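This report describes how some residues are packed inside one protein model. Please look at the sequence and the structure before reading on.

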Amino acid sequence: MGTTVIAFLILYYATVLGIGWWAMRRGGARDLEGYLLGGRRVGPMVTALTMQSTSMSGYMFLGAGSLAYTQGYWALWYAAGDVGGAVVNLSVIGRRMRKLSQITGALTAIEYLEHRYPSPWTRLIAAGLAVFLLAVYVVAQFIAGGKGMELITGLPYSLALLIALAIIIVYTFLGGYLAVAYTDFFQSLVMLIGVLWILGAALAHFGGFAAGNAAVGAIDPSLLSVWGRDLAFEGQWGVVVGAVLIFSIGYMGWPHVVTRHMAMSRPETSRLAGAYATGWNLLFVPTPYLVGILAIAILPQLDDPELAIFNVAHALLPAAVTGLLMAAIMAAIMSTADSLLLQTGSIASRDLYQRFIRPGATEREMVFVSRALVLAIGAAGYVVAVVEPPTVFAIVIFATSVLGSAFAPAFICAVWWKRANTPGAIASMLTGAGTCITWELADLAAATTLHSMFAGLCASTAAIVAVSLATRRIAPVPPHVRQAIDKASAIGPVTPGRGGSSALALSPEAGEIAREIDARGSGRS
């Protein structure tokens with residue numbers, strides 16, 4: 001690709017590492033709340049753009065481009081849900097989750113679930129699912145980063161992957177969530193400029209959309225339909241609904257995304273953040289799909305569809321501009337990889353290590369363990385990405401579908417339905433994940449014309465409602481949880497009761513202590 005492209009990439013990497021250093025100096029990793037949530041002081045614009053760049057990932061530049069290149073306008077069903085996903089997410093659970101997480105003292109999305117649905121089993125099951133699925137998801141980002149770096153630098157895939165992974169881990173180490181949030185903010189702007197520039201070049205190449213569509217139609221008219229190549233998905237509305245749900249409703253079940261609610265400076269931040277996110281989505285989300293569609297006519301003999309957007313940029317733009325745009329593509333990949341690594345390490349350290357292995361761990365120890373787990377997960381992901389690299393699209397759709405199916409109903413009901421109880425939440429997570437995984441592995445979408453996300457979300461929603469109602473007498477929602485939900489639902493600032501967040505955070509332990517005291521008292525009598 002030439003020295004100009006590499007120079008731009010080096011400048012870009014130096015910038016994100018500088019942001020990570022700044023976040024560390026600002027206190028982003030001074031204590032556990034600072035490392036995991038940036039001290040809960042992130043404003044609306046940064047909240048909006050870190051949410052979007054985190055959720056967009058390398059999928060948008062590799063998976064979305066590949067899907068559009070192979071299936072044409074069918075791919076835009078995924079974009080349809082994605083455009084409104086942020087405002088739905090922030091509107092439905094943003095403000096209330098921000099308040100409830102502070103009231104209960106939760107620092108991770110999984111800890112939040114245990115405080116809302118009090119039981120060690122809630123946390124163990126949720127953390128196990130989240131760590132596995134986020135680790136799977138991060139492999140997709142590693143593959144995307146390796147392919148991008150390989151194309152840009154000409155280095156072998158394994159070495160290119162190692163360089164990309166090393167940079168991601170370094171600035172995640174430096175400043176924790178604050179470093180991730182501000183690098184995401186910067187990267188989201190680079191992503192937006194880059195992808196719009198590539199689309200502009202593609203349209204200029206044809207002379208407009210009409211001419212571009214005509215060129216694609218001359219190759220295969222079915223690619224201009226919303227039913228895919230050769231109309232393979234014609235009338236399969238169950239698949240269509242699932243494609244829309246993944247990045248709209250399912251988005252509310254992604255721990256690395258909903259954590260952004262908990263880090264907002266105040267609950268009202270969600271309103272302005274929703275507006276910023278929607279504006280950014282309208283410009284960004286459809287664009288990689290459109291570039292992938294136009295690439296069908298620009299590069300009709302492309303060997304690897306996942307490199308469609310990379311190759312369109314290389315074919316149509318001068319070297320200096322290509323360098324900026326390649327940095328934009330790497331920004332999309334890295335902005336999700338850093339969040340996934342931080343979130344996976346955070347959940348594994350706080351929700352598994354501290355909760356079940358070493359309850360007395362200090363905050364300094366927790367930050368150390370989280371960083372060590374980030375390194376371990378990165379190393380394991382590197383091995384998988386090198387040895388057996390599947391497609392980015394397949395990995396992302398699998399991981400996000402299962403995450404959404406497992407967690408979305410539990411997160412939504414946590415703040416909107418006071419009758420949702422612990423057995424209902426556990427049943428929902430297991431049923432949703434199990435259904436979605438079975439659907440994917442057995443390829444039931446082809447036999448049933450129902451998308452795995454649609455099937456999983458229906459199953460998990462039915463489970464939380466049915467089981468919560470069936471067990472409401474034997475497993476009632478504790479009074480302190482009902483009170484916390486009422487506080488989170490009220491308009492106004494967060495007002496924890498006496499003892500604040502610590503009392504609620506320790507309520508499961510307090511219950512165990514009370515039962516132990518009662519048992520000892522009855523033994524003496």
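In the largest nonpolar core of this predicted model, which has 146 residues, Tyr59, Tyr78, Leu113 and Phe407 touch the most other members. A nonpolar core is a set of buried Ala, Val, Leu, Ile, Met, Phe, Trp, Tyr and Cys residues joined through side-chain atoms within 4.5 Å. Helix α6 (residues 120–153) contributes the most to this core, 17 residues. Helices are DSSP runs of H or I with at least four residues, numbered from the N terminus. Another core, of six residues, lies apart from it and includes Val42, Val46, Ala181 and Tyr182.

With neighbours within four places in sequence left aside, Phe407 is in contact (heavy atoms within 4.5 Å) with Ile110, Leu113, Ala126, Leu129, Ala130, Gly253, Pro255 and Met429.

| Residue | Relative accessibility |
|---|---|
| Thr104 | 5% |
| Cys413 | 13% |
| Cys436 | 0% |

Thr104 belongs to helix α4 (residues 76–104). Its side chain reaches the backbone oxygen of Leu100 at 2.9 Å.

Zero disulfides are found in a search of the whole structure. A disulfide is a pair of cysteine sulfur atoms within 2.5 Å.

Residues are numbered from 1 along each chain as its sequence is written, and side-chain values use heavy atoms, leaving out hydrogens and water. Because the model is predicted, local features need pLDDT of at least 70 and side-chain atom pairs count only at pLDDT 80 or more, while totals for chains, interfaces and linings use all residues.

Terms used:
Buried < 20%, exposed > 50% of the residue type's maximum accessible area, 1.4 Å probe, protein only. Helix = DSSP H or I, 4+ residues; strand = E, 2+ residues; numbered from the N terminus. Polar contact = N/O pair within 3.5 Å; in protein donor to acceptor, adjacent residues only side chain to side chain.
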